[in-house]
Amino acid sequence: MKSEMIYILMVDDEPDMVSLFRQRFRREIRKGLVDLKTAKSGAEALSILAENRDLSPMVVLSDINMPGMDGLQLLKEIVARYEHPKVYMVSAYFGETDYEAKVKAAGAHGTFAKPIDFNSLKGQILNSG
């Protein structure tokens with residue numbers, strides 16, 4: 001694991017998912033390895049990214065199904081506006097639909113199916129900087 005701070009933006013409209021991520025990353029947050037920011041919508045995520053343009057490495061973890069701007073639309077906006085954030089999509093629907101192929105084609109760095117394998121997720125994002 002790298003000692004450099006990694007900035008994670010978790011985008012999910014479900015408060016339980018945000019709580020789960022905070023719990024699963026509590027050690028890394030306490031050690032100063034992770035700064036976890038959260039957004040409840042795609043629009044809020046874009047606002048946070050605009051305010052934190054210089055934070056790097058930045059990793060975005062976004063749900064696909066959200067009201068308003070969905071995760072695929074958010075992904076396309078991030079890819080169009082920014083070079084550095086690595087975007088990972090999170091969904092319960094990977095494997096059941098063509099979402100996984102769509103998000104990878106749109107520029108996602110990777111995908112995680114719910115329920116999330118946090119060991120795999122941590123391994124990928126904490127070593128992605």
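View 1. Val11 sits opposite Ala39, a residue of strand 2. Strand 1 and strand 2 pair in the parallel sense over 6 bridges (strands pair if DSSP finds at least two bridges between them). Helices (H or I, at least four residues) and strands (E, at least two) are DSSP runs, numbered from the N terminus. This is a predicted model, in which local features need pLDDT of at least 70 and side-chain atom pairs pLDDT 80 or more, while totals for chains, interfaces and linings use all residues. Residues are numbered from 1 along each chain as its sequence is written, and side-chain values use heavy atoms, with hydrogens and water left out.

View 2. Look for Asp12 in the loop between strand 1 (6-11) and helix 1 (15-24). Asp12 is buried, with a relative accessible area of 1% (buried means under 20%, with a 1.4 Å probe and protein chains only). Its side chain reaches the backbone nitrogen of Glu14 at 2.8 Å. Leaving aside neighbours within four places in sequence, the contacts of Asp12 (heavy atoms within 4.5 Å) include Ala39, Lys40, Asp63 and Lys114.

Key. Buried means under 20% relative accessible area, exposed over 50%, partly exposed in between (1.4 Å probe, protein chains only). A polar contact is a pair of N or O atoms within 3.5 Å; within protein, one must be able to donate a hydrogen and the other to accept it, and residues adjacent in sequence count only if both atoms are side-chain atoms.
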